[in-house]
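Look at the sequence and the structure shown below.

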Amino acid sequence: MKSNSGISESQTSLPSTLFLKTVWMGIALLMLALPIPALAALGGDVTSVQEDQAQMKGSLKTTEAEAYTTHEITAAGKTIVKEYVSPEGKVFAISWSGPFIPNMQQLLGTYSNRFVQAAKLQRESQPGHRPVNIKQPDFVFQNGGHMRSYFGRAYLPAMVPQGVNVDALQ
Amino acid sequence: MRSFLVLTLIGALGFLVGCGSSGTPAGVVLSVQLTPSSASVNAGGVVNITASVANDSSGKGVSWSLSGVGTLTSQTTTGATYTAPATVTTTSVATVVATSIASPTVNASLPITVSPAGTTANVVPISVNGGPLLPTTIYTNAAFVSVQVCATSGACQTIPDILVDTGSFGLRLLASEVTVPLTPITDGSGNTLYDCVQFVDNSFLWGTVAPANIIVGGETATATSVQLIANPSFSIPSGCSGTNEDTQTLLGANGILGVGPEPFDCGLACDPSQQGQGNAPTVYYLCSSGGSCNTTFVSCGTICQDANPNQQVTNPVFNFPVDNNGTILTLPQVNDVAATVTGTLTFGIGTESNNTIPTTATLFTLDSSDNFITNFGGQSLTASFIDSGSNGLFFPDSSLSTCPDNASWYCTPATSLSATNVDPNNGSTTNTVTFSVDDFDTVTQANPTAAAFSNLAGPMPCTSSPCTFDWGLPFFYGRSVFTAIDGTTVGTTPGPFWAY
């Protein structure tokens with residue numbers, strides 16, 4: 001655990017004069033991102049955040065808090081995607097909120113098939129559209145809302161850093 | 001002096017007309033206007049129509065034609081009388097066309113909706129009856145309606161079993177159910193306009209966008225974009241991912257009638273005026289016949305301050321000539337379980353004697369995402385909403401267990417729960433709702449053929465992102481829920497709002 005100062009400064013690679021609580025890195029990271037290789041966001045390395053951002057053609061904001069770092073991507077249509085990265089550099093949770101549902105296959109990476117299968121089973125058990133709640137021992141997915149206002153999250157319980165309350169991610 | 005000027009102008013126009021090969025002077029645009037611009041009558045009804053032609057220097061006026069039911073009499077170059085048939089068995093539409101005699105390529109049309117005698121034009125029956133997949137599959141807590149769809153050529157068909165959804169905007173139909181010739185919108189360069197609606201459960205609707213005349217009850221929305229759901233011959237772009245619900249089996253309905261509090265499925269975010277803000281959202285696509293697709297902006301018309309006409313998939317109610325500011329969805333009380341229930345969908349709020357908001361109702365204005373606040377279990381759920389297209393009540397309650405086989409439903413019964421809805425803008429208008437929760441597995445297995453369950457509920461995520469109480473169809477049992485559309489007004493109160 002770091003100090004209890006809450007949100008601390010970001011990205012040590014930046015000059016010390018730019019030690020801000022939040023840093024906008026949109027264009028620089030867009031230029032770094034290469035054409036899309038195999039994507040892996042949830043459960044993947046921190047580098048996958050940049051791939052997601054390039055895919056969504058969004059702007060990126062990075063915030064470092066206690067025990068994890070938040071990467072916030074604003075995608076087309078102003079949907080906000082947050083990816084939470086552990087000190088080990090792994091994406092252990094993602095959340096989204098806004099008028100359009102982001103591309104889940106891309107954000108969930110290797111967990112995409114788990115989501116597809118579970119959602120299919122739930123849909124087939126009863127017709128209709130409703131919020132989705134998938135609760136597996138190592139994978140949790142929740143999504144709700146209505147046209148032009150959606151939000152949800154997915155996380156990997158085993159990878160949540162010690163001491164972090166997954167219900168209170170910022 | 002003034003009369004001299006007028007005479008000079010007329011003389012100049014006469015000279016120009018004399019030079020034009022078609023009788024229309026260059027630079028002067030003829031146009032035909034009809035009064036009224038649309039009409040609804042019961043069987044046997046009469047509509048007196050007048051025509052005026054702007055810039056018709058020859059004063060030749062119009063000639064008339066009629067397609068559909070009824071007769072057109074007393075035809076002159078400035079007027080005609082439409083008489084509906086003495087009886088019609090279903091609501092029908094007739095189209096009167098007035099064509100400029102001086103310039104026969106210029107015309108105007110007037111759709112007239114003819115309803116059976118004794119029906120009320122702005123009310124249509126709805127039914128919670130299990131849906132079109134019976135008896136193999138029952139769609140619980142879903143309200144269905146019949147909609148008439150007409151091609152602009154005038155051919156009409158009635159499509160039953162369409163889901164009434166106050167959580168979306170616009171009419172979406174399985175293309176496989178549409179037999180009238182609807183022509184998708186193209187860009188003039190060989191590309192066709194497609195629409196993608198992504199749902200929260202990894203399903204989506206993909207299909208072309210085509211204008212149609214939509215008749216619901218006795219109301220007609222003319223030239224309104226609808227989505228025709230079908231799998232294309234090419235791969236659907238990755239921005240629209242999951243399962244395309246392009247069959248009745250997958251969708252559980254023949255279509256979705258989105259009558260929520262917005263006029264358009266995308267709105268300003270998809271309007272070309274937003275091009276400077278970045279890429280188009282993954283909603284509208286232009287696709288070549290070879291299947292090369294790119295997201296595109298599509299005008300949402302006057303209300304988006306766009307001079308181009310609206311071509312987005314549009315809430316048909318918004319395009320009705322009258323009763324176009326919202327809806328009332330009314331269903332009877334259900335005490336736990338009912339085999340089926342029937343109710344009404346009424347168009348317009350405060351526009352007729354049958355659609356006023358009672359003084360006992362509470363009116364909630366909405367935030368910019370069309371949500372209000374629900375206080376429940378010590379939590380302030382700031383992204384809460386009313387949605388007839390959700391087939392349960394969905395809210396976060398850690399004391400209730402989800403079902404072992406389906407974590408989207410609660411399997412713990414509970415009684416005497418209460419939640420308080422709060423207006424997000426004034427913070428002071430409130431209304432408290434009491435409700436119960438059944439064990440989903442127990443109650444649905446004990447009533448395998450019932451369509452209406454008042455106590456089905458499931459969880460919703462409550463995270464650092466906004467928390468939600470989704471008041472689905474069970475909320476409508478025993479209530480009339482008013483949904484006012486953004487961009488319209490009810491008296492002096494602007495939409496969007498809900499009242500119940």
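## Report on a predicted model

In chain B, B:Q33 stands opposite B:S52, a residue of β3(B). The model is predicted. Strand β3 of chain B covers residues 46–54, and β1(B) pairs with β3(B) in the antiparallel sense over 5 bridges.

These two strands belong to an open sheet of 4 strands in chain B, with the order β1-β3-β6-β5 and antiparallel pairing. At the edges lie β1 (31–35) and β5 (71–73) of chain B, each of which pairs on one side only. On average, neighbouring strands of this sheet are turned by 30° against each other, direction ignored. In general, strands of a sheet pair through backbone hydrogen bonds, either parallel or antiparallel.

The domain assignment divides chain B as follows.

| Domain of chain B | Residues |
|---|---|
| domain 1 | 21–115 |
| domain 2 | 123–319 |
| domain 3 | 327–499 |

Taken over C-alpha atoms, the centres of domain 1 and domain 3 of chain B are separated by 45 Å.

Chain B also touches chain A: 55 residues of chain B are in contact with 43 residues of chain A. On the chain B side, the touching residues divide into 31 polar, 18 nonpolar and 6 charged.

For chain A, the mean pLDDT is 74, and 74% of the residues reach 70 or more. Over residues 1–40 of chain A, pLDDT stays under 50. For this stretch of chain A the model has 55 contacts beyond four places in sequence. Where pLDDT is low, the predicted coordinates should not be read in detail.

Key:
Residues are numbered from 1 along each chain as its sequence is written. Chains are lettered from A and ligands numbered from 1 in the order in which they are written. This is a predicted model: local features need pLDDT of at least 70, side-chain atom pairs count only at pLDDT 80 or more; totals for chains, interfaces and linings use all residues. Two strands pair if DSSP finds at least two bridges between them. Axes are lines fitted to C-alpha atoms, for helices over the stretch in contact, and angles run from 0 to 180 degrees between N-to-C directions. Domain bounds come from an automatic or database domain assignment. Two residues are in contact if their C-beta atoms, placed from the backbone, lie within 7 Å. Ala, Val, Leu, Ile, Met, Phe, Trp, Tyr, Cys and Pro count as nonpolar, Asp, Glu, Lys and Arg as charged, and the others, Gly among them, as polar. pLDDT is the predictor's confidence in each residue, from 0 to 100.
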